[in-house]
Each structure stands twice: as C-alpha cells, then as structure tokens.
Amino acid sequence: MQFIHNSWYVAGWSKEFTRELSKATILGENIVFYRTEAGTVTALEDRCPHKLLPLSEGRLIGDDLQCGYHGVTFGCDGKCVRVPGQSVLPKSAWVRHFPTFERHNIVWIWMGDEGKADESLVFDLPELSSPDYAPHQGNPLPYASNYLNVADNLCDPAHVSFVHPTTLGNPEMEDLPIDSEMTGDGTVITSRWTRDTPPVGVFQGLSGFGVNFRGNVDRWQYYIMNVPCVAVIDFGSAEVSQEITYDRRAEGVHIYAIHFLTPVDEFRTIDRWMHVRNFALQDKAVGGAMNDLFNVAFAEDKVILEAIQIEERRPRSAEQEQRRPLRIAIDKGSNLYRRRIDELIKQEQVND
Ligand code: FES
Ligand SMILES: [Fe+2]
C-alpha cells in the first residue's frame, strides 16, 4: 500500500505527549516522541543508526535523546551531539526529524519532505475556536483495517441505517438519495437530508441535556473528507417547524464528529475522534455521555471494517478474481475519495 507523505497527520492528543518517551508507527515508520523542556513535541526516527536499538529504549538528557545501548546522543533536530569514547561525530550519526505542530490540544506530524511542511495547511475548523461550540475528545480507536477502508466508511452516510440502527440511523433513511461532490481543492463532500422523521438514537440519548424534540425532525448529514485523512461529519437535527436550512444549522442541534485517521501501516489505522457541539456548553457530563453514544456506534464500524480487512487479505478463487466488483449509487463519495488519493500519490511520485 502506498501512502501520501506530504500531509499533516495527527500524531496524538496533546495529553499523550509528556517528558516520557513514547512511540508510534505512522505510515509504516517507527517514531519516538517527547516534549522538550519548553514543551514542544519532538518527533524523531525511532532507530539508532549505530546498532539499531530503538531510541525509545533510551532516555532524555535535557532536550537530547540518549541511546540506551552505547549512549550516542541526538538533539531534538535529529543531529548527533555526542558519541561516547570519541570526540569526532561521524557524518552518518543522525536520525530523521519530523516537523510537528500543536493546536486545539491536537499534535500533528508532517510525514513528507521537511522543506514542504507548511503550518498553514494544518486542518482547522472555525467552531473549534468559537465560544458557541464545545469540543470533547474521545479515546484513540485502533482499527485492524487499512485507512482506505476506514475512510470509505467516513464518506458514506448510507451505512448508518444498517450498521448504527440504535444511534446514528433509522429505517426511514434507507432509500433516500445521497449527493456527492468534489470541491475545487479536492475535498469530497457526501450529504443527505432526511425530512420529517423521528430523531435518531443519538438525539434521543441526549434528552437529559436539553435536546428535547417534540415530534419528527429534519436531519442533515454532511460527510466532509479532507483528503487524505481528516473526516468531518457535520450533522444535526431541528424541529420540522423550524424549516432548517444549511446556512441556519446553528439554530438546530448541531454536532461535528471529527475523525483524524492516522495510518499505522498497510493493515492498521488509528482513528482519533472528537465531537464539537452547540448545546449544553457548560454541562461537564454531556461530553462523556456523547462519548458513550459514539463508542457504541464506532464499535459497530470496527466490527465491519476489520471483517472487511480479513476478507481482503484472503486468497480469491479464480472465479472471484474474474467477477467485477459490485458498485452501487451510494459509492460515489468513496469513489471520488479513492480517485483523489490515487492522484495525490501519483503527484508525489512524479515530484520525487
Ligand atoms: S545502538 Fe545506539 S549507541 Fe549503540
Ligand atoms: Fe459508521
């Protein structure tokens, strides 16, 4: 599997990084992380160039990272600062350094050419800085499934009636049409409006937090995929009598579920998800209650996406090999996504 390297990926929530060494595999590369004394997150290749001990087995000396085997020490830019037993620092004594960026309690890492790391490209959502919305982070969700399968699911409002019948979907939505488009900057937007139907389970589950619909509601779902790996699910509901429109979403119960996908390797992905809401802003209990509802839904996605990954890896019979894969109308969003991924990978290959 090929990855897009020239992109910012989420390395973790801010609280995951401390003065302790931590490690992660991202796009198949092993990386060691730590905070400097000034608090900046440092990301280095987790592999000593001497005898290949992972540097995450070493220790911090101030802001420098000392290998746990023979003490070769690297600065937070990856350059060697000390080789015990000699004064000369060999040219090959360095490890790769990855740019990082931190905002909204999220730490990002740039996996491509260091010179191309442009902080203005880091994903942002105006509501994350708005006093009218409250953000809340969930726990990192590991999927034994590649990021393309996970991303398919996040370009796909149609699955919720079948996979999430108690939380995000209901039968009334099953046969409604879905719109899909790619914007000029390559963002894939898949959307659906469901008018005059009962509220789905998530909204019923929030009735203790001031979300009290009296009857049927109008409901929107916009699945906005910022290629490659940030999916914003903009959804909400409003009383039918409100005659809600796209521009007036803030007048309804409005939620963003944001999924930051970090490909681990060819077969695994971490989904760090969070939600942003426009109701019960001061209520400390609502974030956890929403996490519980989303955890039910995302566990349902996990079962499906991991089963698909297992099936993808199984050998196919000659007959299965010949049969064309089934493509249906609701696939348009994920087809646009995969096409855009292919384009970006080709662009990287041409420019390398
Ligand atoms: S393996 Fe790192 S110093 Fe020897
Ligand atoms: Fe889902």
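**Strand pairing and domain contact**

Mentor: Strand E17 (residues 230-239) pairs with E18 in the antiparallel sense, over eight bridges. Helices (H or I, at least four residues) and strands (E, at least two) are DSSP runs, numbered from the N terminus, and two strands pair if DSSP finds at least two bridges between them. This is a predicted model: local features need pLDDT of at least 70, side-chain atom pairs count only at pLDDT 80 or more, and totals for chains, interfaces and linings use all residues. Residues are numbered from 1 along each chain as its sequence is written, while chains are lettered from A and ligands numbered from 1 in the order in which they are written.

Trainee: Which residue in E18 is the bridge partner of Ala231?

Mentor: The partner of Ala231 is His259. E18 also pairs with strand E19 (residues 268-277), antiparallel and over 10 bridges; there, Ile258 stands opposite Met274. Two residues lie between E18 and E19, which form a hairpin.

Trainee: Why is E18 described as largely enclosed?

Mentor: A residue is buried if 20 or more other C-beta atoms, placed from the backbone, lie within 10 Å of its own. In strand E18 (residues 253-265), 11 of the 13 residues are buried, so the rest of the structure largely encloses it.

Trainee: Into which domains is the chain divided?

Mentor: Bounds come from an automatic or database domain assignment. Here they give domain 1 (8-119) and domain 2 (126-342), with centres, taken over C-alpha atoms, separated by 34 Å. Their contact (C-beta atoms, placed from the backbone, within 7 Å) takes nine residues from domain 1 and 10 residues from domain 2.

Terms used: Contact = placed C-beta atoms within 7 Å. Buried ≥ 20, exposed ≤ 12 C-beta atoms within 10 Å, placed from the backbone.
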